Amino acid sequence: MQGENKRGMAILSLMTGILFLASSFLLFLSMSSKEEEKPVLNSSASAAISPLLLDGETNRPLENAVVVIPETGKSYKTDASGRAADIKVPVVPDSRFDAVYKKTWGEITIIAYKEGYKPYLLLYTNVFSGEKREGPTLYMYREDSSAEPFAIIESPSRFWMQSLIEKYNPY
């Protein structure tokens, strides 16, 4: 019975990975159409971001990788240094925390693809109005490695976290 459970869990894990890759690929195809691309989110505030994609084992830059920013409705290619050119992104603050402790930045999503590598998904990437961010650095791993596709959540700023902790500290 225990062997059947392990096999069932392995099949479920494999199917989840296949569904993730298929949905990522479909998103990429929809973003790559030649039709005029329109931003998903409009904001009067904007920032710039320049992601760097590196091979996770060798630290070598990944040229011609694709960076998708769903909030812009566009995809971008990396150059020989593994960097995507400056990407203008909307800054839409997360209002869920307004009543608790207001966030002063926006958050975007970054999805990275490179042929022969597992997709990389970075959620809640911090962007500040009027500022340019060099990075973040995304370490991608070859499909033949044992690593699962990456889905990472970026932490809020340290200052905000410390302020939130201090605000509610009972001592």
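**Exercise 1. Find the residue with positive phi in the hairpin of S2 and S3, and describe how the strands pair.**

Step 1. The hairpin of S2 and S3 has four residues between the strands. Within this hairpin, Gly 73 takes a positive phi near 75 degrees.

Step 2. Check the pairing. S2 and S3 (residues 74–77) run antiparallel and are joined by four bridges. Two strands count as paired if DSSP finds at least two bridges between them. Strands are DSSP runs of E with at least two residues, helices are runs of H or I with at least four, and both are numbered from the N terminus.

Step 3. Pick out a facing pair. Val 67 stands opposite Tyr 76 in S3.

The model is predicted: local features need pLDDT of at least 70, side-chain atom pairs count only at pLDDT 80 or more, and totals for chains, interfaces and linings use all residues. Residues are numbered from 1 along each chain as its sequence is written, and side-chain values use heavy atoms, with hydrogens and water left out.

**Exercise 2. Search the whole structure for aromatic pairs and characterise the pairs of Phe 97 with Trp 160 and Trp 105 with Phe 128.**

Step 1. Apply the criterion. Rings of Phe, Tyr and Trp (its six-membered ring) pair if their centres lie within 6.5 Å; planes under 30 degrees apart are stacked, over 60 edge-to-face, and the rest tilted. The search finds four pairs.

Step 2. Take Phe 97 and Trp 160. Their ring centres are 5.3 Å apart and the planes stand at 90 degrees, so the pair is edge-to-face. Phe 97 lies in the loop between S4 (87–90) and S5 (106–113) and Trp 160 in helix H2 (residues 158–168), so the pair ties together parts 63 residues apart in sequence.

Step 3. Buried means under 20% relative accessible area, exposed over 50%, and partly exposed in between (1.4 Å probe, protein chains only). Phe 97 is partly exposed at 26%. Trp 160 is buried at 6%.

Step 4. Take Trp 105 and Phe 128. This pair is tilted, with 5.8 Å centre to centre and 45 degrees between the planes. Trp 105 lies in the loop between S4 and S5 and Phe 128 in the loop between S6 (120–127) and S7 (132–140), so the pair ties together parts 23 residues apart in sequence. Trp 105 is buried at 1%, and Phe 128 is partly exposed at 28%.

Step 5. Ring pairs link Phe 97, Tyr 101, Trp 105, Phe 128 and Trp 160.

Step 6. Look for a charge. The charged end of Lys 103 sits over the ring of Trp 160, 5.3 Å from its centre. The test asks for NZ of Lys or CZ of Arg within 6 Å of the ring centre and within 35 degrees of the ring normal.
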